[in-house]
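Here's a quick briefing on the model you're about to look at. We'll go through overall shape, surface and charge pairing.

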Amino acid sequence: MAFLGLRKWPTPVLRPMAPFLAASTLTFYLVSKMQEMGVRSEEYARDPRNPYAAQIAKEAHH
């Protein structure tokens with residue numbers, strides 16, 4: 001018998017969601033790396049509109 005929709009045993013949540021969590025983590029990591037490569041590419045590294053231009057220039061002098 002269910003009381004207010006609650007069952008005797010808890011419904012599994014983490015195990016069915018594990019592939020989606022792993023895929024979202026992998027996607028987030030790969031998109032982050034692609035963005036980093038794009039920002040630091042030779043074409044855009046010296047662009048004044050690049051928000052990381054000052055940081056890239058400072059690292060290039062080291």
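The protein has a radius of gyration of 23 Å, while a compact globule of 62 residues would come in near 11 Å (taken over C-alpha atoms, with the globule rule being 2.2 Å times the number of residues to the power 0.38). Keep in mind that this is a predicted model, where local features need pLDDT of at least 70, side-chain atom pairs count only at pLDDT 80 or more, and totals for chains, interfaces and linings use all residues. Residues are numbered from 1 along each chain as its sequence is written, and side-chain values use heavy atoms, with hydrogens and water left out.

**Overall shape**
- The C-alpha trace spans about 70 × 20 × 20 Å along its principal axes.
- You'll find three helices and zero strands, in the order α-α-α from the N terminus; helices (H or I, at least four residues) and strands (E, at least two) are DSSP runs, numbered from the N terminus.

**Surface**
- Of the 62 residues, 10% count as buried (under 20% relative accessible area; exposed is over 50%, partly exposed is in between, with a 1.4 Å probe and protein chains only).
- The protein exposes about 6300 Å², and carbon and sulfur atoms supply 68% of that (Shrake-Rupley method, 1.4 Å probe; for residues, only the protein chains shown count as cover).
- V13, L14, M17, F20 and L21 make up a nonpolar surface patch with about 530 Å² of accessible area together. Patches take residues with over 30% relative accessible area and no salt bridge, joining nonpolar side chains (Val, Leu, Ile, Met, Phe, Trp, Tyr) within 5 Å and like charges within 9 Å.

**Salt bridges**
- The count comes to four salt bridges, each being a side-chain nitrogen of Lys or Arg within 4 Å of a carboxyl oxygen of Asp or Glu.
- E36, R40 and E59 are linked in a network: R40 meets E36 at 2.4 Å, N to O, and E59 at 2.9 Å, N to O.
- R40 is partly exposed at 33% relative accessible area, E36 at 39% and E59 at 41%.
- D47 and R49 also pair up, at 3.1 Å, N to O; D47 counts as buried at 16% relative accessibility, whereas R49 is exposed at 72%.
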